[in-house]
Amino acid sequence: QVQLVESGGGLVQPGGSLRLSCAASGSIFSINAMAWYRQAPGKERELVAVISPGGTTSYADSVKGRFTISRDNAKKTVTLQTNSLKPEDTAVYYCEADILAYGGDKYHFYWGQGTQVTVSS
């Protein structure tokens, strides 16, 4: 059984920062790409940032220069540092990872339960 658990969401004023964390656990043999998505009310889920096992990153244009994704391969964690937050960043943020489980023959995508980020004065 593989699980992803996020933490770190909350309410923050415009211009503030939050650090979102996601930990993978269970019968994990290998993790490929890890990513953060978000979904605002009435909108489709969108990719925010992705990071490869070697640390190569990619960001949505809307968060470039404000958000930073990082990972710790030994701890099986991925982190999203969010700075200069705007009201339009308000959404549920989801962690996603491409994981090969022990005994498995291919990678599968796993999702966390989501953490709410609200940016409001």
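User: Hi! Is Val63 buried or exposed?
Analyst: Val63 is buried, at a relative accessible area of 0%. Buried stands for under 20% relative accessible area, exposed for over 50% and partly exposed for what lies in between, using a 1.4 Å probe and protein chains only. This is a predicted model, where local features need pLDDT of at least 70, side-chain atom pairs count only at pLDDT 80 or more, and totals for chains, interfaces and linings use all residues. Residues are numbered from 1 along each chain as its sequence is written, and side-chain values use heavy atoms, leaving out hydrogens and water.

User: Thanks! Where does Val63 lie?
Analyst: Look in the loop between strand 6 and strand 7 (67–72). Strands (E, at least two residues) are DSSP runs, numbered from the N terminus.

User: And which residues is Val63 in contact with, leaving aside neighbours within four places in sequence?
Analyst: Those are Arg38 and Val48; contact means heavy atoms within 4.5 Å.

User: New topic: how do strand 4 and strand 5 pair?
Analyst: Strand 4 (residues 28–39) and strand 5 (residues 46–51) are antiparallel, with five bridges. To pair, two strands need at least two bridges found by DSSP. In this pairing, Met34 stands opposite Ile51.

User: What about the hairpin there, which residue takes a positive phi?
Analyst: Gly42 does, near 75 degrees, and the hairpin has six residues between the strands.

User: How many bridges join strand 5 to strand 6?
Analyst: Three, and the two strands run antiparallel. Ala49 has Tyr59 in strand 6 as its bridge partner. Five residues sit between the strands in that hairpin, where Gly55 has a positive phi near 100 degrees.

Technical notes. Helix = DSSP H or I, 4+ residues; strand = E, 2+ residues; numbered from the N terminus.
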